[in-house]
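Reader: I am new to this structure and would like to learn how to read it. Could you take me through it step by step?

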Amino acid sequence: MASDVNEITINYEEDGILLVQELDKEILSKGAWATIIFRFRQWDKKKEAHGPDQYTIRRYRKISGQYVPQSKFNISSPDQAGKIVQVLGRWLQTVDAD
């Protein structure tokens with residue numbers, strides 16, 4: 001757990017192997033609730049290498065001075081990520097037009 005939103009990471013190591021490798025992150029909101037989108041890769045045991053880029057959006061709640069994970073949404077593929085971007089772009093154009 002982290003007390004500062006900037007310290008939150010999804011890197012995860014086990015037996016000396018980095019199973020989840022965080023590549024990048026963007027903090028979307030800060031405060032008592034924080035929302036962060038991560039770009040990461042997972043270790044593929046069969047290939048003995050990290051797999052393709054993946055994406056996840058996670059929400060954290062600050063409880064007793066520490067950020068605690070509350071929920072997550074994993075984007076299942078680059079195709080799904082592209083569709084999310086398209087839809088949000090379209091919706092935001094509609095908001096701007098109003």
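This is a predicted model: local features need pLDDT of at least 70, side-chain atom pairs count only at pLDDT 80 or more; totals for chains, interfaces and linings use all residues.

Reader: How does the radius of gyration of the protein compare with that of a compact globule of 98 residues?

Author: The radius is taken over C-alpha atoms, and the globule rule is 2.2 Å times the number of residues to the power 0.38. That rule gives a value near 13 Å for 98 residues, whereas the protein has 16 Å. Its C-alpha trace spans about 55 × 40 × 15 Å along the principal axes.

Reader: What share of the residues counts as buried?

Author: Buried means under 20% relative accessible area, exposed means over 50%, and partly exposed lies in between (1.4 Å probe, protein chains only). Of the 98 residues in this protein, 17% count as buried.

Reader: How many salt bridges are there, and where does the partner of Arg39 lie?

Author: Side chains of opposite charge can pair when their charged atoms come close. A salt bridge is a side-chain nitrogen of Lys or Arg within 4 Å of a carboxyl oxygen of Asp or Glu, and by this rule the count is two. In one of them, Arg39 meets Asp53 at 2.7 Å, N to O. Arg39 belongs to strand 3 (residues 33–44) and Asp53 to the loop between strand 4 (49–50) and strand 5 (54–63), so the pair ties together parts that are 14 residues apart in sequence. Arg39 is partly exposed at 34% relative accessibility, and Asp53 is partly exposed too, at 28%.

Reader: What separates Lys83 and Asp79 along the helix?

Author: These two residues also form a salt bridge, with the closest N and O atoms of Lys83 and Asp79 3.3 Å apart. Both lie in helix 1 (residues 78–97), and because they are four residues apart there, about one helical turn separates them. Asp79 is exposed, with a relative accessible area of 51%.

Conventions: Residues are numbered from 1 along each chain as its sequence is written. Side-chain values use heavy atoms; hydrogens and water are left out. Helices (H or I, at least four residues) and strands (E, at least two) are DSSP runs, numbered from the N terminus.
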